[in-house]
Amino acid sequence: IGAELGGACHAEHFAQFQKTYMASVLAERYPVEQQGCEACHGPGQAHVEAVSEGKEDPAQYIYAFARHSPAENAERCLRCHIKNESQSLFRRSQHLASGVFCGNCHTAHKSPETPAPPEKPVLSNPLSTYFSVPQRSEEQEWLDNRLLKEKQPQLCYTCHQDVEAEFQLPIRHRVNEGLVKCTDCHNPHGRVTAHELRAVSVEACYL
């Protein structure tokens with residue numbers, strides 16, 4: 001159906017998607033039927049017809065990530081992203097084994113409707129209470145940081161609350177101050193090393 005027709009109904013999401021690097025890559029390298037919405041959600045003709053005919057639950061006529069398992073959704077993303085060496089081991093990653101897939105951390109069309117990460121107990125005061133953390137607009141953070149739903153380390157702390165507690169200790173890496181990111185040391189898309197470090201043991205410290 002083409003990206004424009006999908007964007008006519010989902011205008012806000014489509015407008016945000018158009019700002020991303022992924023949108024430009026799809027437009028440059030892939031045929032029309034694999035650009036925009038259909039690149040991830042599959043052919044949209046049946047979905048459009050279901051909407052126009054007033055059928056119940058038209059979302060069932062297109063690939064909706066909310067209806068599928070983390071493994072199925074990850075396979076959808078890996079059709080393209082498997083080409084990147086840093087993502088090629090995601091099928092054996094600890095994240096996927098724990099039921100976490102790409103869309104839990106990333107979103108290709110961030111908008112006010114994008115679900116926020118689940119609420120978690122507050123273990124400490126906001127980082128800005130103690131540290132001078134650089135602040136930029138939420139949208140700019142999203143575009144510059146691989147379409148993350150939230151910037152690090154807050155996003156990682158959503159699940160890794162034990163690690164958040166450790167980073168309140170006096171001797172620690174300066175993650176909370178914004179000097180180091182979780183992904184500087186770990187590859188969340190999978191590695192064969194312990195704790196999915198980007199290098200073996202202490203060598204990760206010298207990267």
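## Close-up views of a predicted model

**View 1. Arg146 is exposed, with a relative accessible area of 66%.** Buried means under 20% relative accessible area, exposed over 50% and partly exposed in between, using a 1.4 Å probe and protein chains only. This is a predicted model, in which local features need pLDDT of at least 70 and side-chain atom pairs count only at pLDDT 80 or more, while totals for chains, interfaces and linings use all residues. Residues are numbered from 1 along each chain as its sequence is written, and side-chain values use heavy atoms, leaving out hydrogens and water. Arg146 is not a glycine, yet has a positive phi of about 55 degrees. Most residues other than glycine have a negative phi, and most peptide bonds are trans. Arg146 sits in the loop between H9 and H10; helices (H or I, at least four residues) and strands (E, at least two) are DSSP runs numbered from the N terminus.

**View 2. A cis peptide bond joins Gln152 and Pro153.** Its omega is about 0 degrees. Pro153 belongs to the loop between helix H9 (138-144) and helix H10 (154-157).

**View 3. Asp57, not a glycine, has a positive phi of about 50 degrees.** The residue lies in the loop between helix H5 (45-52) and helix H6 (70-81). Asp57 is partly exposed, at 42% relative accessible area.

**View 4. Cys9 and Cys37 are too far apart for a bond, with 9.4 Å between their sulfurs.** Cys9 is exposed, at 62% relative accessibility. The whole structure has zero disulfides, a disulfide being a pair of cysteine sulfur atoms within 2.5 Å.
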